[in-house]
Amino acid sequence: MPSSKGACMPYTNEQIAALVRADSVHKSVYTDSALFQLEMERIYGCAWIYVGHESQVPNAGDFCATRIGDQDVILVRATDGKVHVLYNRCPHRGAKLVADGCGHAGKFFRCPYHAWTFQLDGSHLAAPLKAAFEGSCFDPQHPDFSVRPVARVESHRGFVFASQAAQGIGLKSFLGGVISSIDNLCDRSPVGEVEVAGGMFRVLQTSNWKVFYENLHDTMHAPVTHESSVVAAREQAQKMGAMPLELHIMVGNGEPYRFWENLELCAYAHGHGYMEGIFDPGAASRDPVTRAHFAVLEQAYGHARASEILGMNRHNTIIYGSGSPHTVFQQFRVIRPLAVDRTMIEIQLFRLKGAPEAVFKRTLMYANIINAPSSNVMADDVELYARCQQGNLSRGGDWTSLHRHLGTDRAVPGGMVSSNGTSELPMRNQFQAWKQYMLGHLVEENCDAA
Ligand code: FES
Ligand SMILES: [Fe+2]
């Protein structure tokens with residue numbers, strides 16, 4: 001097995017295949033920076049990765065700087081109204097064209113170093129003192145003198161994904177069974193549209209990106225890791241003599257094992273999946289916000305469809321490589337790997353266009369309670385992710401276990417479903433996809449690298 005210290009040591013396909021067994025993974029997948037670099041090429045350099053939402057760039061000239069794996073990119077709306085994804089690099093001397101964050105470029109980009117300018121789609125516009133290029137090979141029409149676009153960009157209901165591979169399967173095929181989560185999130189608006197609102201939470205985690213994906217469907221950790229917030233919420237409810245939704249959500253993590261065993265976990269190709277909702281839909285239907293929300297949906301879609309939309313009760317969805325949309329509370333936790341032991345989580349919140357404002361307030365409430373840096377809940381997870389990172393650096397063992405309910409998962413169209421909600425099916429599924437990507441098998445499916 002290649003050393004976890006061997007940052008430059010190349011891996012053969014045989015060595016990569018040996019890192020993932022049916023029931024366990026070698027700890028170096030979390031700790032070896034050489035593997036991290038390979039992930040940037042073979043997963044992030046190839047798969048469809050969520051870049052941002054169209055509502056973040058509503059007008060021509062609006063842009064947001066973000067990342068696809070280890071690549072700085074710009075999401076920008078051009079004058080023709082189309083959304084583009086460009087590498088954040090000026091072709092002159094390589095300066096980042098825009099700083100981090102979102103902004104407005106005006107009618108064109110102007111590099112802050114020597115003032116080359118570019119159309120909003122990245123094409124070369126002008127360079128100062130043009131005569132200086134006479135007699136050289138400088139050709140403003142040549143792509144080498146424009147800002148390079150990321151190879152493929154597709155949007156599904158305003159959610160913009162990009163792939164650095166020139167050819168491969170389309171976004172819809174890639175998303176497979178989890179596209180319904182994006183649809184349900186949008187369908188919860190009476191006009192079928194959402195917009196990013198309320199700023200963005202950021203949480204920097206000192207752990208590998210894959211640990212976060214594993215945790216998203218790790219039902220066994222909830223009552224253990226979150227015990228302190230469950231106890232605190234129960235005490236508070238007792239003092240109040242009531243259980244408002246805020247506390248109900250925190251107490252939810254403390255459900256007994258039989259509750260988690262009864263949940264359903266779905267796992268699809270490419271490491272995607274979703275988990276059945278954990279909040280009692282009956283309780284939701286009794287709360288006034290849900291009732292008001294249902295009323296506007298009923299008016300827009302009719303009773304049966306409104307029931308179907310709000311009845312889809314999902315907890316975290318996983319879009320492997322991109323992050324985790326949450327349909328019921330309208331958020332997208334975007335997972336950006338920074339280094340083998342550094343991961344940035346950006347939490348986007350969505351307003352359902354046309355829905356009562358109280359629904360968005362509930363979105364804010366959920367994010368504050370569960371996901372914000374100041375949350376009583378998230379801090380527990382972040383601590384455990386860091387402990388996994390640290391523990392896996394020790395000589396105390398080489399393998400991590402994914403044995404729970406192995407062999408009991410059932411096949412369904414396009415994927416697998418757990419027979420028990422505490423199954424480690426999602427993690428096994430993610431690592432099988434990881435192995436396929438890292439061996440180049442999904443590269444062939446997703447990209448034609450030639
Ligand atoms: S680096 Fe951009 S104009 Fe020189
Ligand atoms: Fe958790």
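Which ring does the charged end of Arg314 sit over? Select Arg314 and Tyr274 to find out: the charged end of Arg314 is placed over the ring of Tyr274, 3.6 Å from its centre. A charge sits over a ring when NZ of Lys or CZ of Arg is within 6 Å of the ring centre and within 35 degrees of the ring normal.

Before you go on, note that this is a predicted model, where local features need pLDDT of at least 70 and side-chain atom pairs count only at pLDDT 80 or more, while totals for chains, interfaces and linings use all residues. Residues are numbered from 1 along each chain as its sequence is written, chains are lettered from A and ligands numbered from 1 in the order in which they are written, and side-chain values use heavy atoms, with hydrogens and water left out.

**Stop 1**

Helices (H or I, at least four residues) and strands (E, at least two) are DSSP runs, numbered from the N terminus. Both His226 and Asp381 are buried, where buried means under 20% relative accessible area, exposed over 50% and partly exposed in between (1.4 Å probe, protein chains only).

**Stop 1: aromatic rings**

Now show the rings of Phe, Tyr and Trp (its six-membered ring), which pair if their centres lie within 6.5 Å; planes under 30 degrees apart count as stacked, over 60 as edge-to-face and the rest as tilted. The count comes to 21 aromatic pairs. One of them joins Phe159 and Phe350, a tilted pair at 5.3 Å centre to centre with 45 degrees between the planes. Phe159 is in strand E11 (residues 159-163) and Phe350 in strand E18 (residues 342-352), so the pair ties together parts that are 191 residues apart in sequence. Phe159 is buried at 0% relative accessible area, and Phe350 is buried at 0% too.

**Stop 2: helix H9**

Select residues 245-252, which make up helix H9; its buried residues are Leu247, Ile249, Met250, Val251 and Gly252. They pack against helix H8 (227-240), helix H10 (257-261) and helix H14 (357-371).

**Stop 3: Thr400 and Trp399**

Move to Thr400 in strand E19 (residues 399-401). Thr400 is buried, at 18% relative accessibility. Leaving aside neighbours within four places in sequence, Thr400 is in contact (heavy atoms within 4.5 Å) with Asp23, Ser24, Val25, Tyr30 and Asn392. Then pick Trp399: the charged end of Arg21 sits over its ring, 3.5 Å from the centre.

**Stop 4: Asn429**

Finish at Asn429 in helix H16 (residues 425-438). Asn429 counts as buried at 15% relative accessibility. Beyond neighbours within four places in sequence, Asn429 has contacts with Ala267, Tyr268, Gly271 and His272.
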